Amino acid sequence: MPKSTSQVIIDHPSHSIRYLYDQHAGMLLGYIFEVVKDRKLAEDYLVKIFSALSLRDVVLDQEQVNTWCSLLKFAKAKLQLFQAVNPYETAPVHTGVTFASSANTYLDRLNELQRSVFCGVYHHGKTISALSTALNTTEDLTRKTLKEALLMMRSDG
Amino acid sequence: MVKIDEYLESGALESYVLGVATAAEIEELLALKSRHPQIEEALAILEADLERIAEHMAIAPPPNTWNRIEASMNELVKTPKMENPKMEYLIGDEPVGRSQPRSRKSEQFIEIEGENGHMRIRKAWRWVFAAVFVLGKIFLAFAIYYYLENKHTQEEIQQLKMEMRSMRK
């Protein structure tokens, strides 16, 4: 029976980081860039996140079947840590290469509320509770808005 | 009893996949997932969606990025193994687990390179070692001095004995 991607990663940790890099480095760099909005800083964080994977006994946990989601979860936790340690790095003034606006057509499909909720959760790791307070809505409504945002992004492929 | 269709529409799955569900929500979801296969299917679809979104936003990393990661990994892997053994033993103290926080007391120890890893001793011992070294040198100097003095005296006694014998003759 062929092994799943997650199983391969757990069985061969010494090679798995390179495998993860080949599969997901571009996606992760894109994600980090959306968070920090600075190309140079995003590249530095990408190096730090992949390096940090080497300190783990098992590269990614088996709880999440999808490797990308598992890596994303790990990266989010690390990014929050980096930003907590060096808050000035995410300040509006950046030294690296920056792009004026994101060419993200997926986000263009969302209305303002959906975008706030999706970006708050996906890029900034804000909890439903914190977002509901900030947007002055209920938690149920925030969750439903998040669902709608993902549905909108799914529509049209 | 939670109605499964309402649950699927509530946005709870999206919160979970995006990592912002609370512990209670995760517990509820895992319990429902084991009973309702449609939850597992919905989660797989959501995860695939997230992967597709990320692929759409992907930026190719610069060519030297993997070399930087490898260099950084080598640094990270070497350092903790050399400097963070599982247990540290302090002379005159009980073994100290690595997980315990470092106290000011540990700052009083200096490291001496051993065959395997490091060993720690109290800083105060350096004065004892210095005193033992200096005293050792003094004793050695005295020993050499008295040895030579004794040898010289023995030679003089021998010479005097010979002179006395020659005078008697």
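The model is a predicted one. Averaged over chain A, pLDDT is 77. A score of at least 70 is reached by 71% of its residues.

Chain A contains 8 helices and 0 strands. Its pattern along the sequence reads α-α-α-α-α-α-α-α. Chain A has 157 residues, and 37% of them are buried. Contacts in chain A between residues at least 6 apart in sequence were also examined; 64% of them join residues at least 24 apart.

Chain B has 6 helices and 4 strands. Chain B has 169 residues, of which 12% count as buried. Among its contacts with a separation of 6 or more, 35% come from residues 24 or more positions apart.

The two chains touch. Chain A brings 35 residues to the contact, and chain B brings 32. On the chain B side, helix H2 (12-17), helix H4 (37-57) and helix H5 (65-83) each supply at least two residues. H4(B) gives the most, with 10 residues. By residue class, the side of chain B that touches chain A has 19 nonpolar, 7 polar and 6 charged residues.

The interior comes next. In soluble globular proteins, nonpolar side chains tend to be buried together. The largest nonpolar core of this model has 55 residues. Those with the most contacts inside the core are A:Leu28, A:Tyr31, A:Ile32, A:Tyr45 and A:Leu46. Both chains take part: H2, H3, helix H4 (67-85), H6, H7 and H8 of chain A each supply at least two residues, as do H2 and H4 of chain B. H2(A) gives the most to this core, with 11 residues. A:Tyr45 is in contact with A:Ile32, A:Val36, A:Leu79 and A:Phe82, leaving aside neighbours within four places in sequence.

Helix H6 of chain A spans residues 112-122. Its buried residues are A:Gln114, A:Val117, A:Phe118, A:Gly120, A:Val121 and A:Tyr122. H7 and H8 of chain A are included in what covers these buried residues.

H7 and H8 of chain A also meet one another. The axes of H7(A), residues 128-135, and H8(A), residues 139-154, come within 9 Å. They cross at roughly 105 degrees. The two helices are therefore roughly perpendicular to each other. From H7(A), the contact is made by A:Ile128, A:Ser129, A:Leu131, A:Ser132 and A:Leu135. From H8(A), A:Glu139, A:Thr142 and A:Arg143 take part. The residues of this contact comprise 3 nonpolar, 3 polar and 2 charged.

Backbone angles in two loops of chain A were also examined. Most residues other than glycine have a negative phi. A:Asn136, in the loop between H7 and H8 of chain A, has a positive phi near 60 degrees. A:Asn136 is not a glycine. With 6 other C-beta atoms within 10 Å, A:Asn136 is exposed, because a residue with 12 or fewer such atoms counts as exposed. A:Lys37 likewise is not a glycine, and its phi is positive, about 60 degrees. A:Lys37 is found in the loop between helix H2 (13-36) and helix H3 (39-53) of chain A. A:Lys37 has 19 other C-beta atoms within 10 Å, so it is partly exposed; a buried residue has 20 or more.

B:Thr22 lies between H2 and helix H3 (23-35) of chain B. B:Thr22 counts as partly exposed, with 14 C-beta neighbours inside 10 Å. B:Thr22 and B:Ala12 are 10 residues apart along the chain. Their C-alpha atoms are separated by 10.0 Å.

Terms used: Residues numbered from 1 in each chain as written. Chains lettered and ligands numbered in written order. Predicted model: local features only at pLDDT ≥ 70, side-chain atom pairs only at ≥ 80, totals over all residues. Axes fitted to C-alpha atoms, helices over the stretch in contact; angles between N-to-C directions. Parallel < 35°, antiparallel > 145°, perpendicular 65-115°, else oblique. Contact = placed C-beta atoms within 7 Å. Nonpolar A, V, L, I, M, F, W, Y, C, P; charged D, E, K, R; others polar. Core = buried A, V, L, I, M, F, W, Y, C linked by C-beta atoms within 7 Å. pLDDT = per-residue confidence, 0-100.
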